[in-house]
Structures are given as C-alpha cells and as structure tokens.
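Here are my notes on the model, point by point. Please read them with the structure open.

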Amino acid sequence: MAAEESVLETCKRRGISRRRFMEFCGTMAATLALPKAYSQTIAEALTQKRKPVLVWLEFQDCAGNTESMIRTTHPTVEDIVLETLSWEYHETIMAGYGKHAEAALERVVREEKGKYLVVVEGSIPTADDGVYCTIGGRTAMDIASKVCRGAAATIAVGACAWDGGLPKAGPNPTGAAGLHEAVPGINIVNLPGCPHNSVNTAAVLVHYLTFGVLPALDGEGRPLFAYGQLIHDQCERRAHYDAGRYVQAWGDEGHRKGWCLYKMGCKGPEANYNCPTVRWNGATSWPVKSGHGCIACASPRFWDTKSPFYERLPHPAGFGVDVTAGQIGWTVVAGVAAATAAHAVGHVVRDHFHPGNGDGSALETTLAEKQTTEVR
Ligand code: SF4
Ligand code: SF4
C-alpha cells in the first residue's frame, strides 16, 4: 500500500469497487454486532489516511494462525484492511532476517511506544528460564514482555497464545503458558480458536481503527461479538437435534441428509464461537456444515477438556443433568422439544428412540418409559 493511502484508495487501486468496500463495512458492522448504521462510521474511519504500526510475534506454535491470516486465493477487502496497518515485523513472512529483522522490532518498541499494535501467536514457555523458545538469543518471555508492555494493545490469536493451547496440554514439559498468564496486566484481547478466524481479527482491527478502543470482552478476555453465543444455538443442524434426528455412523443416511452430529462427538453445545455465521474459506462453509462435529477449539484448555473428540458430551444440552449421553437415544417428542428449546423452561417427555434407525419416524413410544426431565 502506498504511503498515506486510505483503505478506499487502496481498494480502488486493486480493482475493488466502492460497492464491495461498502459491503465489507456492512459485514464488519454485522460481525461486530453493531447496528447497520455503523457501516457508514466504519467506512469513514477506513477512509482516513492513517497507518498504525503492527508487529506480529510468533512463539511456541505451529504457525497455523499465520497460515489462517495469509491463506487467501485472491485479494479481499480484509487483506486490504490489514494493509492499512504498517506491518513492521513478522518473522515468518518478512523479507528481512537476522540482525536487520530484530533491529526493526527494536525500532518500533523504541520509537512507537504506546502507539503500535501487537499480534501474538503461540504459547510462552516458562520452564527452565524460558530456554525452549528463543529468537535472536532472547527468550519468548523476554520479547513478549518488552514488546507487549510498550504497545497500545495486544491481540492474542489462536488457542496457544490464549491459554497455552496444545503445548500446555498433558505433561507440559516446557511450562507453556498463554500470553495473559505469562505477561499479566497488558491491554489484551484474546481471539482463541485452532486456528483463529482472520475475519474476527479484521473486525477487531476495524473496531480499533474506528473507535480507538478494543471491543467489549467476556470473562475470558474474548470479544463478545465473536464468542458471545453457543455454536449449538447458531447451528443449521439444530432443528435435527431438537427433533431427535442424529447421525449414528459416518456416512449413514443421517450423515448424508445433514442431521445433527451430537452422537458423533460434536461439542457445539459447549462451544462459544461465531463459526456458523462468519464461516471459513471465504465464508463458504464451516466444520459442522461440511459434516464434522465441532471440537470446541475456542473453549478453555480444549485439548484436555473436550477430548476425546469423537465421544459424546456426557450431558446433552437442553436436558437435565441426570440425562447421560447414552440416554439421548431417548429423545424428545419433536413438538415439545421445539417449545422447550424456544423457551428453555419447563418439562419435556422423552420417547424411546430405536437406535438402529436414526430416523425420527421410528420412535417407539412406550408410555411406561416416559420420564419427566427438567430442562436446563
Ligand atoms: S450438537 Fe453440534 S451438530 Fe448438533 S445442533 Fe449442536 S452444534 Fe449442531
Ligand atoms: S466449528 Fe468448533 S472446532 Fe471448528 S473451528 Fe468452529 S469452534 Fe473450532
């Protein structure tokens, strides 16, 4: 992007029409859960000529979040929003290397103090004085502390930067920690996920460029616009869940017809993220739509707390805690289920569902088997 060029000017130069630009501003307003009128405010902010400096730090990780950010098949407005920021340092993709690269980072910390933005990817090893991840002879802990403490704001992308992710799972030999744990007290927004969704990163940046502050966060430091709702409550297969139509085996009739993946291990009832609305791969699809259960990759310590990924949740959502995963074959009568799902109160009657059919029409209703269960 040319110096002193606004997002809109960059769009024009790259063949993206004003209509497409305005569509993007509308999408960002919707993603941020703002009223539609805010799309004009966003457009005005992105039309301004300013270029905050951004540095991207990558520590103990698989580079999946960098991949998620740069894997586009064609330039999108989201790419261009990222270009409105002056990317001064990203060791994985920058042309400079060695001393020159590290000098660029030091210059930002020294000359842009309190003004630059940081994106952090990967966990911070804390065991044995942090020797398990060093860059240019400095530990991840030292770099993260110095760079993030001097920044206007920090965005932690991916599960590892949030709560330690896979490196922290199990025995955790490196003492891996999430950024907010390793470097407490910084101005931070967490965008967990494995990987994070770059649309949400663009939305956070748009929010910052438009309003000068980070968006509202939940108790886990995640923006409410992206992590405020359960996957289960946004899922297009939800009607099948409520009606008792479950996939029983990969490739069965229910799977081919797009029924609920709960019995195949879907963790959507316990996962907060906006995958069903934002989607992936240019908004074409998301894992549950494509036929695989959600593994709750944006939930706390999901490698430990949500695995095994192909086993059912122990307590089905919408049923009392006395109902186990094995019992969900006993499903609700469809009409009652829809009512209880809508109101989330009251009681439901369960019928015995023939496990071999996976077919709502094959309910075997046995009055003696009916039980009353309090709905959560
Ligand atoms: S259990 Fe999974 S597939 Fe079924 S409705 Fe919930 S999120 Fe969708
Ligand atoms: S569907 Fe679930 S596991 Fe997949 S990306 Fe979304 S939150 Fe993560």
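1. By class, how many nonpolar, polar and charged residues does the shell around ligand 2 have? The shell has 10 nonpolar residues, no polar ones and no charged ones. Keep in mind that this is a predicted model.

2. The residues that surround ligand 2 are I231, Y273, C275, W280, W286, P287, C294, I295, A296 and C297.

3. Next, a loop residue. C260 sits between α15 (253-256) and α16 (275-278), in the loop. C260 counts as buried because its relative accessible area is 7%, under the 20% cut-off.

4. The contacts of C260 deserve a look. Leaving out residues up to four places away in sequence, C260 touches R237, H240, Y241, R245, Y246 and V247. G244 is 16 residues from C260 in sequence, and their C-alpha atoms are 8.3 Å apart in space.

5. Now strand β1. It covers residues 53-58 and is mostly covered, with 6 of its 6 residues buried. V53, V55 and L57 point one way from β1. L54, W56 and E58 point the other way. In a regular strand, side chains alternate between the two faces of the sheet. Note that E58 is buried along with the others.

6. Strand β2 (residues 86-90) pairs with β1 in the parallel sense over 4 bridges. In that pairing, V55 stands opposite Y89. Strand β3 (residues 117-121) also pairs with β1 in the parallel sense, over 5 bridges. There, L54 stands opposite L117.

Notes: Residues are numbered from 1 along each chain as its sequence is written. Chains are lettered from A and ligands numbered from 1 in the order in which they are written. This is a predicted model: local features need pLDDT of at least 70, side-chain atom pairs count only at pLDDT 80 or more; totals for chains, interfaces and linings use all residues. Side-chain values use heavy atoms; hydrogens and water are left out. A residue is near a molecule or strand if one of its heavy atoms lies within 4 Å of it. Ala, Val, Leu, Ile, Met, Phe, Trp, Tyr, Cys and Pro count as nonpolar, Asp, Glu, Lys and Arg as charged, and the others, Gly among them, as polar. Helices (H or I, at least four residues) and strands (E, at least two) are DSSP runs, numbered from the N terminus. Buried means under 20% relative accessible area, exposed over 50%, partly exposed in between (1.4 Å probe, protein chains only). Contact means heavy atoms within 4.5 Å. Two strands pair if DSSP finds at least two bridges between them.
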